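Visitor: Can you walk me through this one? I'd like to start with the strand pairing.

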Amino acid sequence: MICLYEHPECRMEDRHGMRERGLHGINHFGIRVADRQAWESVLEKEKVPVLYGGPISWPHSTSWYVQDPTGWEIEVAAWDGDIV
């Protein structure tokens with residue numbers, strides 16, 4: 001279980017607007033899955049849209065970028081051979 005909260009005095013900034021102003025912030029958080037096939041089955045069964053046209057292959061992993069119901073981006077990563 002992951003529990004997150006927003007500080008009531010903080011406000012959401014558009015990440016692209018922040019970049020234009022030379023600022024950096026948290027754009028998403030990531031979680032790791034050990035069973036790629038099980039994760040892909042969940043995506044298909046639940047019809048979860050994957051951002052950026054589908055999974056992204058990185059040098060040592062594959063990442064799926066999805067959104068929670070409020071629009072926050074979440075990275076779900078499967079490491080090649082489940083080795084970090």
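Guide: Strand S2 (residues 56-57) pairs with S3 in the antiparallel sense, over two bridges. Strands pair if DSSP finds at least two bridges between them. Strands are DSSP runs (E, at least two residues), numbered from the N terminus. This is a predicted model: local features need pLDDT of at least 70, side-chain atom pairs count only at pLDDT 80 or more, and totals for chains, interfaces and linings use all residues. Residues are numbered from 1 along each chain as its sequence is written, and side-chain values use heavy atoms, with hydrogens and water left out.

Visitor: Which residue in S3 is the bridge partner of Ile56?

Guide: Ser63. A hairpin of three residues joins S2 to S3.

Visitor: And how many bridges join S3 to S4?

Guide: Seven, with the strands running antiparallel; S4 covers residues 73-79. Tyr65 has Glu75 as its bridge partner in S4.

Visitor: What about the hairpin of S3 and S4, which residue takes a positive phi there?

Guide: Gly71, near 100°. That hairpin has five residues between the strands.

Visitor: Is S3 (residues 61-67) mostly covered or mostly open?

Guide: Mostly covered: six of its seven residues are buried. Buried means under 20% relative accessible area, exposed over 50%, partly exposed in between (1.4 Å probe, protein chains only).

Visitor: New topic. Why does Asp82 count as partly exposed?

Guide: Because its relative accessibility is 32%. Asp82 is found in the segment after S4.

Visitor: What does Asp82 contact, leaving aside neighbours within four places in sequence?

Guide: Arg32, Val33 and Ala34. Contact means heavy atoms within 4.5 Å.

Visitor: How far apart are Asp82 and His60?

Guide: 9.5 Å, C-alpha to C-alpha, and 22 residues in sequence.

Methods. Helices (H or I, at least four residues) and strands (E, at least two) are DSSP runs, numbered from the N terminus.
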